[in-house]
There are 2 protein chains.
Amino acid sequence: MASLKDIAEKTGVSIRTVNRALKGDEKIKEATKKLVLEAAKELNYIPNLAARALKSGGGYEVIAVINNLHEMHLRKFAAMEKVLRQKDLLLSIFIVEDENCCEDLLKRLSLSRPAGAVLMADYDSQEQYDLIKGLWEIFDQQSIPCVGIDLDFEGMNQVVLDRSQAIYDAVQYLNKQGYQKIAYAGIEGAFGNDERLLGYRNAMKNLSQEESIFLAPPAVGDEARVESGKLAMKFFMDLEEGPDAIQFFTDMMAVSALQFCQENDIKVPEDLAIIGFDNQPITAFTQPPLSTIVQPVEKVGEISGQLLCNLIKSSESRVYTKMVNADLVVRQST
Amino acid sequence: MASLKDIAEKTGVSIRTVNRALKGDEKIKEATKKLVLEAAKELNYIPNLAARALKSGGGYEVIAVINNLHEMHLRKFAAMEKVLRQKDLLLSIFIVEDENCCEDLLKRLSLSRPAGAVLMADYDSQEQYDLIKGLWEIFDQQSIPCVGIDLDFEGMNQVVLDRSQAIYDAVQYLNKQGYQKIAYAGIEGAFGNDERLLGYRNAMKNLSQEESIFLAPPAVGDEARVESGKLAMKFFMDLEEGPDAIQFFTDMMAVSALQFCQENDIKVPEDLAIIGFDNQPITAFTQPPLSTIVQPVEKVGEISGQLLCNLIKSSESRVYTKMVNADLVVRQST
DNA sequence: TTGTATGCGTTATCAT
DNA sequence: ATGATAACGCATACAA
């Protein structure tokens with residue numbers, strides 16, 4: 001690997017001059033600059049970022065903490081990596097698996113001190129919440145700049161997806177389409193349910209319409225969550241005056257509701273409009289294809305990366321919260 | 001941030017001794033060792049990776065190269081991380097996106113020289129294949145121990161999933177269940193199709209039965225692949241003597257075939273048995289639930305991690321190829 | 001406009 | 001068993 005020294009020797013100028021030529025921002029004679037740049041190219045010079053990092057104090061790796069390998073998270077992850085790579089930061093990953101994660105993280109940190117961290121974790125239970133919060137506190141104590149994605153710890157830098165707004169918009173859309181009675185079906189205590197419910201409630205308030213809400217009992221695992229969709233359908237169909245449009249908590253629920261409709265001869269979207277949430281791959285292929293809400297995960301990843309870069313560079317203490325909007329994908333179920 | 005120097009000053013010993021105590025592998029008096037370790041803990045010492053990398057060319061991190069964020073890959077990834085973490089190796093990730101990946105990788109390597117690498121990439125086209133191969137060659141040239149997962153570059157350390165065997169077993173199973181005419185439906189030129197087809201052919205040869213194969217035209221994207229399933233069904237149903245069991249290339253194809261059956265009153269598994277491939281989440285919830293083939297990705301990840309650890313430690317030049325079997329999950333579609 | 005010299009935190013050689 | 005010191009490649013204060 002060619003170094004500045006090599007270029008200096010080849011061109012006969014000093015290291016310092018090579019440095020200036022490469023940086024381009026200092027006073028330097030055009031001729032020497034050209035000479036150096038050519039030599040650099042010829043020698044296939046690549047700066048040694050480790051040395052650079054060492055000199056300028058900062059580390060060069062960012063550690064991403066993740067406890068859920070959903071594709072969605074990984075798309076955020078990829079978008080973030082792209083941003084970080086441009087800033088010569090390297091992304092390393094720490095997967096949270098069990099209750100020992102705090103100790104594990106400490107041990108991980110004893111191996112190397114990252115320049116920054118991103119916390120990208122879901123929680124379904126109080127224990128999980130506490131665990132994740134514990135991880136954040138570690139970063140906080142160690143003064144490692146940290147950005148949380150879709151978390152809500154006080155005093156933490158955040159990038160937050162505004163699911164509330166997304167649901168609000170979806171309800172508004174349904175209303176504009178002429179649907180009269182719009183319902184929400186969620187799962188009690190599930191991660192993100194309250195937020196979506198809030199969006200629904202705000203929208204209904206804004207439309208001066210009466211709420212119609214079903215919350216399935218807490219469900220763990222895909223199977224239970226599919227079941228929740230059917231439970232919701234049963235609930236609404238038994239109502240005297242059932243809804244003609246339902247916003248579901250997740251695509252899973254919506255898909256199983258769609259199945260229910262098929263089995264019970266309910267025509268979608270004529271008798272009932274259905275909207276899911278997440279734009280899972282399946283949704284494009286259901287009968288009819290499901291309208292759903294896309295979380296712009298790439299954007300979230302990008303913004304998180306940028307925020308973190310800024311925090312690392314500026315080492316300022318102001319706490320940011322960045323909101324990102326989600327969008328409605330209209331297919332044939334509405 | 002505390003450095004070796006700080007510890008040295010605090011304890012009154014030299015930097016070199018601190019270094020020895022921390023490494024633990026050199027002759028050193030127990031008392032001084034203890035003293036140093038305590039001081040290190042007290043000062044919350046974390047080694048500076050940049051300095052380490054600068055001096056010794058790195059050696060504590062493994063870089064995983066990945067070009068496809070399928071959940072499956074990520075489960076391998078997680079399993080691997082677990083193994084590596086136990087060996088105090090950090091896992092960092094490098095996501096391949098475009099044709100510049102080789103340059104990018106070189107730049108990445110200038111940041112720090114990893115102790116090892118794992119190449120976990122899919123390819124659908126010759127260009128992609130060449131690109132990935134280029135990445136491998138970089139590792140190879142730089143003498144960085146590298147393990148490939150499901151690749152087939154000559155001279156490369158490999159962990160390979162035996163999909164051929166899996167299909168072979170599935171066909172044998174169908175035969176034992178009494179199905180008379182077993183077919184295979186795949187996609188021309190798709191990644192892994194040939195391998196599965198080979199398993200089918202071998203099984204049919206072994207059973208002395210006549211092959212019945214449909215290969216859909218090359219399809220890119222989920223939608224096209226779903227369509228392939230229907231194409232296959234149309235093909236087989238138009239046959240004079242159609243199959244009573246079909247092994248599909250992917251779950252996607254199988255699921256859409258299942259839909260086709262529903263729409264055309266073909267009873268599964270009475271009239272037709274269907275087996276997918278991959279055990280995607282949906283498969284458990286189709287009507288009827290789909291039998292499919294699980295790739296034991298965790299095992300693959302684990303073995304890859306172990307293999308890499310061995311390569312790093314022993315730095316031997318022997319080339320390994322480890323085969324891992326896939327298993328059949330029997331649900332109600334067979 | 002260009003060069004000299006120093007130090008970042010580690011590792012490792014060579015002394016003691 | 002321990003210490004002094006050089007070196008890794010880069011950035012930069014200071015000198016010329």
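Two residues are in contact here when heavy atoms lie within 4.5 Å. In this predicted model, the contact between the two chains takes 45 residues from chain B and 46 residues from chain A.

**Arrangement of the copies**

Two copies of a chain are related by a rotation about an axis and a shift along it. Chain B is superposed on chain A by a rotation of 176 degrees with 0.3 Å of shift along the axis, at an RMSD of 2.6 Å. That relation is the one of a two-fold axis. Both copies use the same surface, since 93% of the contact residues of chain B recur in chain A.

Of the area that chain B buries against chain A, 16% is supplied by B:Arg85, B:Leu111 and B:Phe285, more than by any other three residues.

Four salt bridges are counted between chain B and chain A. B:Glu97 forms a salt bridge with A:Lys82, with 3.6 Å between the closest N and O atoms.

**Elements on the side of chain B**

The elements that give two or more residues to the side of chain B touching chain A include those in the table.

| Element of chain B | Residues |
|---|---|
| helix H4 | 49-56 |
| helix H5 | 71-86 |
| strand E2 | 90-95 |
| helix H6 | 101-111 |
| helix H10 | 222-238 |
| helix H11 | 251-263 |

H5(B) gives the largest share of this side, eight residues. By type, the residues of the side of chain B that touches chain A divide into 24 nonpolar, seven polar and 14 charged.

Methods. Residues numbered from 1 in each chain as written. Chains lettered and ligands numbered in written order. Predicted model: local features only at pLDDT ≥ 70, side-chain atom pairs only at ≥ 80, totals over all residues. Heavy atoms only, no water. Least-squares fit on C-alpha atoms with pLDDT ≥ 70 in both. Buried area = accessible area lost by both parts, 1.4 Å probe. Salt bridge = Lys/Arg side-chain N within 4 Å of Asp/Glu carboxyl O. Helix = DSSP H or I, 4+ residues; strand = E, 2+ residues; numbered from the N terminus. Nonpolar A, V, L, I, M, F, W, Y, C, P; charged D, E, K, R; others polar.
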